[in-house]
Amino acid sequence: MTSTQTLYQAFATGLGVDLAQVSDELAYNSIPQWDSTAHMILIAELENQFDVMLDTDDIIDMSSVAKAKEILAKHDVQFA
Amino acid sequence: MFFQQLPQHGHNLALIEGEQRLDYLQLQQQVDAFKQRLPVAGLVLLKASNNIPSMVAYLACLQAQLPMILVDKKINDGYQQTLVDTFKVNALIADGEVQVLSTSAVNIDPQLALLLSTSGSTGSPKQVALSAANLQANAQSICDYLPIESSDVTITTLSPHYSYGLSVINSHLLAGASIVLNEHSVISREFWQTFEQHQVTSFAGVPYTYEMLLRLRFTQKSWPSLRYFTQAGGKLSEDKVSLLAEYAKQHNQQFFVMYGQTEATARMAYNAHPDKKPASIGKAIPKGELSLLDDNGQTIDDCHQQGELVYRGDNIMLGYANNATELRQFTQSDTLATGDIALRDEEGDYIICGRIKRMIKLFGVRISLDEVERILVDKGVEVAVIGNDNALQIVLAQPNDVAAIEQLICQKMQLHPSVVEVKLVAELPRTQNNKIDYLRVAALFLTVEAERLD
């Protein structure tokens with residue numbers, strides 16, 4: 001799996017939505033499933049999948065899939 | 001009463017919402033203006049959120065002695081209609097607008113000020129009836145044990161229709177302190193920007209709030225304006241209480257673990273030293289009294305003996321109300337049986353051991369296990385529903401469409417799928433009376449594998 005696939009799968013699992021619903025444009029509060037509860041489950045999923053430790057600012061800035069890529073890139077995750 | 005004495009606090013800032021600020025005199029002016037628009041009698045349904053129009057409407061109803069049902073602004077239409085019909089509501093208030101529904105006022109006990117729901121997601125119309133004296137007594141007790149000062153700035157983290165959230169508002173208005181009206185989650189950038197902008201000195205949280213804060217590495221940062229923080233609304237695990245208590249100590253802050261119920265307006269007990277006793281709810285609030293009763297209704301005097309926790313105090317509700325007829329007259333009880341099993345240590349501190357009734361709390365929302373069971377039984381599923389404050393556990397006695405069951409329950413109870421566990425057993429253990437034996441179901445649950453979803 002590429003990093004992007006892993007990322008999309010982590011969002012699908014974390015938010016409890018279909019993989020097909022996940023795209024770079026998907027944003028916090030834009031779908032009913034992505035609420036604060038799901039956000040914390042998503043964070044845990046991302047930390048597990050990419051073996052990173054996100055800090056306070058990372059977590060509160062993770063407002064879209066595209067933003068997640070940016071933040072994970074800071075933690076040395078490569079996206080093609 | 002705190003709601004009648006607003007002008008006493010003069011030019012202290014009362015409410016802050018975005019760029020809007022109201023001092024206590026300006027707040028009273030807005031309340032006066034709003035009172036003109038209220039019906040003269042009857043019952044109103046106030047759809048509230050943490051904003052200025054909701055606070056003005058709430059205070060106007062209290063001052064005008066117009067009883068209200070306080071609900072979430074995001075209440076669904078079906079439940080709103082149930083409340084309107086069941087309680088013969090005369091007017092709706094939302095976003096500062098009054099919509100009169102009927103002028104035929106029913107007979108209501110003059111003591112009644114406020115109706116709050118305790119059902120969480122269950123959608124039952126059952127309400128807890130509170131008087132103005134209840135609200136005042138609890139706000140006063142809270143101000144007596146929490147270090148609330150008129151110079152304090154708190155930020156809302158809970159909804160005003162939830163008794164804990166409302167108690168934060170009432171106690172701060174009593175103290176003449178400032179309230180930042182916030183609707184954002186603690187995991188949002190907006191929340192922390194607002195927090196820093198207004199140099200917030202205190203906040204409240206339920207276990208779930210603190211679980212999120214710890215995930216956010218809250219304890220690895222310093223929040224210099226913060227003086228104290230409180231936790232109530234269910235049991236936070238001991239290790240987390242200890243972590244937060246240790247953090248508070250290191251940063252010269254205070255952390256309070258508290259206990260309460262809507263039936264007691266909000267608060268009944270508080271633990272000011274969770275660093276020493278992380279498992280305890282501490283002692284009764286000022287002017288309140290806690291005791292334990294055994295199965296025969298006798299008071300337990302010994303330490304470390306479990307019994308039902310019973311409370312006495314002026315903050316005990318008027319009673320429950322299921323419909324308009326029951327609003328006519330309330331007979332207030334002088335004791336409140338909490339439905340919680342507790343014990344007392346040698347220093348007089350109480351520790352909650354469990355619930356008598358089958359309720360769990362997920363993400364801060366009370367869920368009745370019996371209700372979840374009923375939903376499935378109604379669909380023809382042979383099932384026992386158990387759980388704890390981490391997961392809802394569904395035990396099936398026959399193979400079934402697990403995905404469909406999970407989806408149904410997640411949707412009905414508004415739960416995230418990760419907290420719903422489904423398992424299949426050969427047979428549901430039952431008691432001699434052929435009732436489901438939940439203790440044995442729980443033991444069995446631990447021994448079988450979870451059903452896999454495709």
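How much area do chain B and chain A bury between them? About 1600 Å², with 60% of it on carbon and sulfur atoms. Buried area here is the accessible area, taken with a 1.4 Å probe, that two parts lose on being put together, summed over both. In chain B, the residues that lose the most area to chain A are B:Ile187, B:Arg215 and B:Arg217, together 37% of what that side buries.

Quick housekeeping before I go on. This is a predicted model, where local features need pLDDT of at least 70 and side-chain atom pairs count only at pLDDT 80 or more, while totals for chains, interfaces and linings use all residues. Residues are numbered from 1 along each chain as its sequence is written, chains are lettered from A and ligands numbered from 1 in the order in which they are written, and side-chain values use heavy atoms, with hydrogens and water left out.

Okay, back to the interface. Chain B puts 16 residues into the contact and chain A puts in 22, contact meaning heavy atoms within 4.5 Å. There are five salt bridges across it, each a side-chain nitrogen of Lys or Arg within 4 Å of a carboxyl oxygen of Asp or Glu. One to click on is B:Arg217 with A:Glu47, whose closest N and O atoms are 2.4 Å apart.

Now chain B by itself. The domain assignment, which is automatic or from a database, gives domain 1 (6–354) and domain 2 (359–447). Their centres, taken over C-alpha atoms, are 30 Å apart.

Have a look at strand β1 of chain B, residues 13–17. Strands are DSSP runs (E, at least two residues), numbered from the N terminus, and two of them pair if DSSP finds at least two bridges between them. β1(B) runs antiparallel to β2(B), residues 20–23, with four bridges, and B:Glu17 sits opposite B:Gln20. Two residues lie between the strands of that hairpin, and B:Gly18 has a positive phi near 55°. β1(B) also pairs with β10(B), residues 178–180, this time parallel and over two bridges; there B:Ile16 has B:Val180 as its bridge partner.

Last stop, B:Lys277, in the loop between β14 and β15 of chain B.
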